[in-house]
Amino acid sequence: MAAVEEAGTGAPAWRGGFGRLWTAAVVSRFGDALRTSALPLLAVRLSDDPLVIASVTACGYVPWLLFGLLGGAVADRIDQRRAMWAVDTVRGLLVAGFALAVGLGHASIPLLLVLAFALTTLQTLFDNAATALLPSLVDRESLGSANARLMTGQQLAGGLLAAPLVPLLLTAGASLPFAADASTFLAAAALVASLRTRPPERAPRPAGSTLRTEIAEGLHALWGDRALRATCVATLLCNIGMGALIATLALHVTRWLDAGNAGYAAAMTAYSLGSISGGFLAQRVARHTGRVRALLVAGGVQTASLLLIGSVRHVTALVAGMLLLGAMNMVWNVNQVTLMQHRSPEAMVGRIASAFRTASTSGAPLGALLGGAAARAWGLNGPALLAAALFALAVTSLTAAGRADIPAAVADDSATRRHVAP
């Protein structure tokens with residue numbers, strides 16, 4: 001039997017906790033953007049070895065591969081609200097200590113590596129807990145709108161507001177971006193702690209149940225749902241493609257297009273603006289097509305955008321392509337997360353979310369390596385064309401799942417939770 005996927009047309013009420021969660025997410029993303037932009041720049045001051053500098057960024061991926069699934073299983077066992085504010089408090093104290101070390105002149109590459117690894121390890125629990133918590137704060141028919149508002153606010157704070165401030169803060173003092181990030185962590189922790197949500201009601205775990213078996217149950221549930229399985233595979237393919245593009249975009253812009261640093265800045269700004277506009281489009285697309293078909297639309301437009309970027313040797317084509325790529329990336333993200341929240345059993349949201357994120361993260365470093373190989377073998381526009389091929393493959397893999405996607409006019413918990421036989 002086909003599953004009914006609710007497009008979700010209702011707007012979430014700012015009262016009742018969502019407004020505080022939104023504020024916490026936006027404030028925290030602002031601080032994250034300051035830190036993630038400042039860390040590589042600080043690393044360049046401490047070392048001129050490209051491999052050493054790249055390792056700082058790599059440490060931000062490794063914990064997802066090691067602990068991503070574990071973080072989802074733990075998030076399904078505990079009170080997500082308490083986990084979130086506790087994690088943000090610890091992260092705030094870690095970054096505050098790091099800011100103090102930088103201010104006293106004790107910064108070093110090993111310290112940067114430890115910080116990046118520790119923060120991402122904690123993030124594996126925080127992000128999965130946040131995904132599982134949201135359905136308890138808003139009505140089911142408002143989940144799509146809530147996800148869109150969260151992601152749009154985070155993109156606005158991180159992509160447009162925080163990044164331009166980093167050079168100014170670093171000029172005033174190397175520790176300032178990190179001190180600001182620490183304060184945002186602590187502010188977000190206070191906001192989340194103030195939420196008044198009831199502890200999740202869960203059936204008693206079977207005797208002998210372990211984290212390993214619970215992780216396996218989550219993976220089995222993900223793989224057993226045709227729409228979720230196809231979406232996970234498609235997301236992995238897309239992230240491989242994006243990894244290839246982003247890793248080589250500076251070379252594409254500065255050498256293949258000869259557009260210089262200004263061209264690179266224009267491309268990244270266009271992507272951020274596109275992402276913000278995509279936050280307003282995500283619900284409209286889903287309302288007319290359903291969740292899975294919204295992914296098909298987004299993937300198709302992204303494929304065309306990447307072909308434009310990789311085949312037309314002009315900065316205007318790059319800016320237009322990045323604008324569309326950012327908009328459709330937001331449409332994809334909002335609908336993918338909402339689809340997963342609707343179709344996942346309530347007790348497994350954290351585990352299924354962690355499987356999505358682990359797959360996404362594993363695709364990015366692999367894509368970066370493939371992008372470098374493609375640039376060497378086919379030219380500096382090769383990674384964009386490789387990404388287009390991967391996105392086209394992702395769209396193809398979603399086609400079968402799209403047949404089960406029937407838009408609904410009214411939210412129905414029994415329908416939206418119904419699983420399609422594989």
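Predicted model: local features only at pLDDT ≥ 70, side-chain atom pairs only at ≥ 80, totals over all residues.
A nonpolar core is a set of buried Ala, Val, Leu, Ile, Met, Phe, Trp, Tyr and Cys residues joined through side-chain atoms within 4.5 Å.

**Stop 1: the cores**

Select Leu 318, Met 322 and Met 340. These are the residues with the most contacts inside the largest nonpolar core, which has 60 residues. Next, colour the elements that give two or more residues to this core: α6 (143–162), α9 (211–224), α10 (226–256), α11 (260–289), α12 (291–311), α13 (315–343), α14 (349–378) and α15 (382–402). Which of them gives the most? It is α10, with 14 residues.

Keep Met 340 selected and display its surroundings. Apart from neighbours within four places in sequence, Met 340 is in contact with Thr 131, Leu 228, Val 349, Ile 352, Ala 353 and Phe 356.

**Stop 2: helix α5**

Select Asn 128, a residue of helix α5. Is Asn 128 buried or exposed? Its relative accessibility is 0%, and therefore it counts as buried, the cut-off being under 20%. A polar atom of the Asn 128 side chain lies 3.2 Å from the backbone nitrogen of Ser 354. With neighbours within four places in sequence left aside, the contacts of Asn 128 include Trp 64, Gly 68, Ala 75, Gly 350, Ala 353 and Arg 357.

Now move to Thr 120, also found in helix α5, which covers residues 109–133. Thr 120 has 7% relative accessibility and so counts as buried. Its side chain reaches the backbone oxygen of Ala 116 at 3.0 Å. Not counting residues up to four places away in sequence, Thr 120 touches Cys 59, Gly 60, Pro 63 and Trp 64.

**Stop 3: helix α8**

Select residues 176–193, which form helix α8. This helix has 18 residues and spans 26 Å from its first C-alpha to its last, close to the 26 Å expected at 1.5 Å a residue. Within α8, highlight the buried residues: Pro 177, Phe 178, Asp 181, Ala 182, Thr 184, Phe 185, Ala 188, Ala 189 and Val 192. Turn the view to look down the axis of α8: the buried residues fall within an arc of 165 degrees, so they line one face of the helix. An α-helix has 3.6 residues a turn, so residues three or four places apart point the same way.

Conventions:
Residues numbered from 1 in each chain as written. Heavy atoms only, no water. Helix = DSSP H or I, 4+ residues; strand = E, 2+ residues; numbered from the N terminus. Expected span 1.5 Å × (residues − 1). Buried < 20%, exposed > 50% of the residue type's maximum accessible area, 1.4 Å probe, protein only. Arc of directions from axis to C-beta. Polar contact = N/O pair within 3.5 Å; in protein donor to acceptor, adjacent residues only side chain to side chain. Contact = heavy atoms within 4.5 Å.
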